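Please read these points beside the coordinates. They are meant as working notes for a colleague.

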Amino acid sequence: KPEPRAPKDFVALRTVDPTIIQEIRYFTPHNFVGRRIDGYDQPICILTRPAAEALHTAQRALLRRGYTLKVYDCYRPQRAVNHFVRWAKDLDDQATKSEFYPNVDKTRLFEDGYIAEKSGHSRGSTMDLTIVKLPARPTRPYHPGQPLVPCFAPKDERFPDNSVDMGTGFDCFDTLAHTLDPRIQGEQRANRLLLKNTMEGAGFVNLAEEWWHYTYEPEPYPDTYFDFPVSCRSLIKGD
Ligand SMILES: C[C@@H](N)C(=O)N[C@H](C)C(=O)O
Ligand SMILES: [Zn+2]
């Protein structure tokens, strides 16, 4: 059966802004499931064109201040969300707990708002992202099986990321990742607010539970959950 394709107004982010760093975590084993997620055939960021162009606006504002955006996830097929749901039901698999959700029971990840069964990412105008100070340092590779450190540990102890210090790592399912959690102060809070103010200025809305999750509004496809794979092939125009 042929794979579904993206509508014509979906684009590869790099064709709109090649300066935004892309570290697509669900293509790699370094994510809360611990393996590549279904539907991620290539490590690329796909978005609706309006969302990609708004992200380019945000990037221009940050470049002027000596920073760049880095995306961890963009369009997410429904089959990937279904993979998350299957993983969440398997309570015997707690392999990534010590990094990604040390203080939250696995049964609560959906209820507490950290993962959605119908995700804005599948509608094509939502992304997970952070800020990196320029010049960007390389990120250290993740090796499956390496010791895991809680995602809310001090920056020099948790998994090294070349981003600024946001107080937690990406996909840290914990109240400390709530964007305006009052325990996050000083430089970490300033970094979250730099991302929030820049993204809001470009038309994005943040999810209060996750400092990294933003949706462009108005969404071109507010009610459609796409399932084409994350791949350049999904964007080939034709027929
Ligand atoms: C899983 C996390 N990166 C995320 O995007 N969470 C929101 C709630 C979602 O799944 O849409
Ligand atoms: Zn997200």
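The points below cover the basis of the model, the sheet, the core, the ligand shell and some individual residues.

1. Basis. The model is predicted: local features need pLDDT of at least 70 and side-chain atom pairs count only at pLDDT 80 or more, while totals for chains, interfaces and linings use all residues. Residues are numbered from 1 along each chain as its sequence is written, and chains are lettered from A and ligands numbered from 1 in the order in which they are written.

2. Sheet order. Five strands make an open sheet with mixed pairing, in the order S2-S4-S5-S7-S6. Strand S2 (21-22) and strand S6 (204-207) are the edges, each pairing on one side only. Helices (H or I, at least four residues) and strands (E, at least two) are DSSP runs, numbered from the N terminus; two strands pair if DSSP finds at least two bridges between them.

3. Strand pairs. S4 (residues 67-73) and S5 (residues 126-133) run antiparallel and are joined by six bridges. Within this pair, Lys 70 has Thr 130 as its bridge partner, and Tyr 67 stands opposite Lys 133. S5 also pairs with S7 in the antiparallel sense, over three bridges, with Met 127 opposite Tyr 214. S6 and S7 form a hairpin with two residues between them; four bridges join these antiparallel strands, and Val 205 faces Thr 215 across the pair.

4. Cover. Helix H2 (residues 49-64) lies across S4, S5, S6 and strand S7 (210-216), at about 145 degrees to S4. Axes here are lines fitted to C-alpha atoms, for helices over the stretch in contact, and angles run from 0 to 180 degrees between N-to-C directions. Seven of the eight residues of S5 are buried, where buried means 20 or more other C-beta atoms, placed from the backbone, within 10 Å of the residue's own.

5. Core. The largest nonpolar core has 54 residues, of which Leu 13, Ile 46, Leu 47 and Val 71 touch the most other members. H2 supplies the largest share, six residues. A nonpolar core is a set of buried Ala, Val, Leu, Ile, Met, Phe, Trp, Tyr and Cys residues joined through C-beta atoms within 7 Å. Beyond its neighbours within four places in sequence, Val 71 is in contact (C-beta atoms, placed from the backbone, within 7 Å) with residues including Leu 13, Ile 20 and Met 127.

6. Ligand shell. Which residues are around ligand 1? They are Asp 73, Tyr 114, Ile 115, Ala 116, Ser 119, Gly 120, His 121, Asp 128, Asp 171, Glu 210 and His 213, a residue being near the molecule if its C-beta atom, placed from the backbone, lies within 6 Å of it. The shell divides into three nonpolar, four polar and four charged residues. Ala, Val, Leu, Ile, Met, Phe, Trp, Tyr, Cys and Pro count as nonpolar, Asp, Glu, Lys and Arg as charged, and the others, Gly among them, as polar.

7. Asp 171. This residue is in the loop between S5 and H5. Asp 171 is buried, because 25 other C-beta atoms lie within 10 Å.

8. Prolines. The peptide bond between Leu 134 and Pro 135 is cis, with omega about 0 degrees. Another cis bond runs from Glu 217 to Pro 218, with omega near 5 degrees. Pro 229 is in the segment after S7, and the C-alpha atoms of Pro 229 and Tyr 40, 189 residues apart along the chain, are separated by 6.2 Å.

Definitions and conventions
Two residues are in contact if their C-beta atoms, placed from the backbone, lie within 7 Å. A residue is buried if 20 or more other C-beta atoms lie within 10 Å of its own, exposed if 12 or fewer, and partly exposed in between; C-beta atoms are placed from the backbone.
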